[in-house]
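These are my notebook entries on one protein chain. I record what I looked up, entry by entry.

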Amino acid sequence: VPTVRYKWQPRKIEMAAYQLATTYAEMVDRAQAIALVCLGLRDKHKYVPDVIFGHIGWGETLLLKDVWPTAKLLLYSEFFYDSGLSDFDTEFEANDFSNKIWIRSRQSHLLQAIHTADRFLAPTAWQAGTFPAPARSRMSVIHDGIDTAAIQPDSGARFEVAGTPHVFKAGDEVLTFVGRALEPYRGFHVIMRALPEILRQRPNAHCLIVGRDDVSYGSKPAAGGTWRDVMMAEVGHRLPM
């Protein structure tokens, strides 16, 4: 399959009056970058797709119907921002007006994408439910799926934890927590606070936690450092490291 790449660099919006437009400005800027590349595919190489499949969240598909008006546009619909998220976890999310309108401002490109697309695909009913009715009426819920030929129970499987003497095998008590980043948005604080009691009740259990120390969603700790530092300071003395 031929692969064509596009280049895009975010540009800062310096004027405070336009801070709420930052997300939309980034999305349409990215949309323009990819639309120009696709225009070249159309005009120079006479390429006209039957179907375009893209992610709703990053603006990449916003202008593609202007390049290829006859193509059907299917969008992978991962998440729709709503101001109700501002108090999802009151320990970490500021439930104030400025935070609510900042979240609301992140809907602009999503609503434009909904207006342009023909169909939508969401991996779970919950994710589909975050979208407004005009999108849900044209949305299919289809789970991403698992390749069960490659991923299935294996009684002979073993896993070595690098740098430790631990080797886990089928039948061992192993609890895993895996996230792109170890942050409250992904529930890292919940598993860390639960672990002392879990490991007290299950003395033969081990917990493997995998994730980066940066922040993908939400805010960094107010006092600096990482959320792993914060949670270890809170519960580390109760964990059998």
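Before turning to the sheet I noted the rule for pairing: two strands pair if DSSP finds at least two bridges between them. Helices (H or I, at least four residues) and strands (E, at least two) are DSSP runs, numbered from the N terminus. I also noted that this is a predicted model, in which local features need pLDDT of at least 70, side-chain atom pairs count only at pLDDT 80 or more, and totals for chains, interfaces and linings use all residues. Residues are numbered from 1 along each chain as its sequence is written, and side-chain values use heavy atoms, with hydrogens and water left out.

Entry 1
I looked up the strand order and found an open sheet of 4 strands, ordered 1-2-3-4 with parallel pairing. Strand 1 and strand 4 (139-141) are its edges, since each pairs on one side only. From one strand to the next the twist averages 25 degrees; for such angles, axes are lines fitted to C-alpha atoms, for helices over the stretch in contact, and angles run from 0 to 180 degrees between N-to-C directions. In general, strands of a sheet pair through backbone hydrogen bonds, either parallel or antiparallel.

I then went through the bridges. Strand 1 and strand 2 (residues 72-76) run parallel and are joined by 5 bridges. Across this pair, Gly54 has Leu75 of strand 2 as its bridge partner, and Phe53 stands opposite Leu74 in strand 2. Strand 2 is joined to strand 3 (residues 119-122) by 3 bridges, again in parallel. Here Tyr76 has Leu121 of strand 3 as its bridge partner.

Entry 1

Entry 2: Arg119.
I located Arg119 in strand 3. Arg119 is partly exposed because its relative accessible area is 38%. Contact means heavy atoms within 4.5 Å. Leaving aside neighbours within four places in sequence, Arg119 is in contact with several residues, including Leu73, Leu74 and Leu75, as well as Arg138 and Met139. Its side chain also reaches the backbone oxygen of Arg138 at 3.4 Å. This is a polar contact, a pair of N or O atoms within 3.5 Å; within protein, one must be able to donate a hydrogen and the other to accept it, and residues adjacent in sequence count only if both atoms are side-chain atoms. The C-alpha atoms of Arg119 and Thr164, which are 45 residues apart along the chain, are separated by 49 Å.

Entry 3: Lys65.
Is Lys65 buried or exposed? Lys65 is buried, because its relative accessible area is 18%. Lys65 belongs to helix 2 (residues 64-67). A polar atom of the Lys65 side chain lies 2.7 Å from the backbone oxygen of Ala71. Beyond its neighbours within four places in sequence, Lys65 is in contact with Ala71, Lys72, Leu73, Thr116 and Asp118. From Lys65 to Ile52, 13 residues apart in sequence, I noted 9.2 Å in space, C-alpha to C-alpha.

Entry 4: Gln127.
I found Gln127 in helix 5. Gln127 counts as buried because its relative accessibility is 14%. Its side chain makes a polar contact of 2.7 Å with the side chain of Thr124. Not counting residues up to four places away in sequence, Gln127 touches Ser77 and Glu78.

Entry 5: Lys46.
I placed Lys46 in the loop between helix 1 and strand 1. Its phi is near 55 degrees, a positive value in a residue other than glycine. Most residues other than glycine have a negative phi, and most peptide bonds are trans. Lys46 counts as exposed because its relative accessibility is 65%.

Technical notes:
Buried means under 20% relative accessible area, exposed over 50%, partly exposed in between (1.4 Å probe, protein chains only).
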